[in-house]
Amino acid sequence: MTASSDSGRTVAGYTVPALWTTTLATVNNTIKASSRYAKVIDQLLAFTADTDPTKSSAAEMFPLGNVVGHPGNQDGVTTWDTIKLPASVPDGTRIMFEYQPGQWTSRNTCGRIDNGDGTADYKVQEIFATNVQDNAALLAHGMNLDTTSYVHPTLHGILRFVGRLPQSEKLKFYP
């Protein structure tokens with residue numbers, strides 16, 4: 001269980017309780033050392049951030065470019081449900097963007113229409129007003145805020161994990 005001072009945007013913003021880095025780390029090492037659990041994969045290095053192996057991936061690790069177009073009326077009151085992004089953003093991505101200098105917000109994409117010019121109009125699940133600056137920095141979340149902690153990986157966190165898991169660990173499932 002981790003917490004974040006910046007909504008999961010940076011690895012430095014994560015805090016990890018001592019329980020995870022001491023007691024549970026000892027239990028994990030004991031399990032990995034036991035022949036009884038030979039088929040248990042060691043996923044820690046594939047799952048954690050390169051800069052701090054006690055913390056999971058953060059949005060800063062998944063830059064997606066910039067928001068291409070801001071939605072609708074930018075009065076800060078009118079709600080919107082569509083945003084123009086680079087077409088390379090996979091549908092189902094939990095995005096984070098800098099809607100104003102130093103201010104970040106998140107949305108879950110849940111549908112898209114390709115524009116044929118390298119951009120797509122994405123529907124988002126969260127429909128509320130946010131002013132969006134042109135060319136806002138765009139990131140993909142690595143972890144999802146599950147009520148009070150960042151425990152479960154999102155699409156980009158899972159793709160990163162699978163891509164980094166050593167073949168030797170994968171072979172434990174398919175010898």
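Start with the whole protein chain: among contacts (heavy atoms within 4.5 Å) between residues at least 6 apart in sequence, 65% join residues at least 24 apart. This is a predicted model, in which local features need pLDDT of at least 70 and side-chain atom pairs count only at pLDDT 80 or more, while totals for chains, interfaces and linings use all residues. Residues are numbered from 1 along each chain as its sequence is written, and side-chain values use heavy atoms, with hydrogens and water left out.

Colour by secondary structure next. The chain has 5 helices and 10 strands; these are DSSP runs (helices H or I, at least four residues; strands E, at least two), numbered from the N terminus. Of the 175 residues, 34% are buried, where buried means under 20% relative accessible area and exposed over 50%, with partly exposed in between (1.4 Å probe, protein chains only).

Now select helix H4, residues 155-164. Which of its residues are buried? They are His 156, Gly 157, Arg 160 and Phe 161. These lie on the same side of H4 because they cover an arc of only 135 degrees around the axis, taken from the directions from the helix axis to the C-beta atoms. An α-helix has 3.6 residues a turn, so residues three or four places apart point the same way. Turn to the other side of H4 to find Leu 159 and Gly 163, which are exposed.

Last, show what the buried residues of H4 pack against: helix H3 (44-47), strand E3 (63-66), strand E8 (137-140) and strand E10 (149-153).
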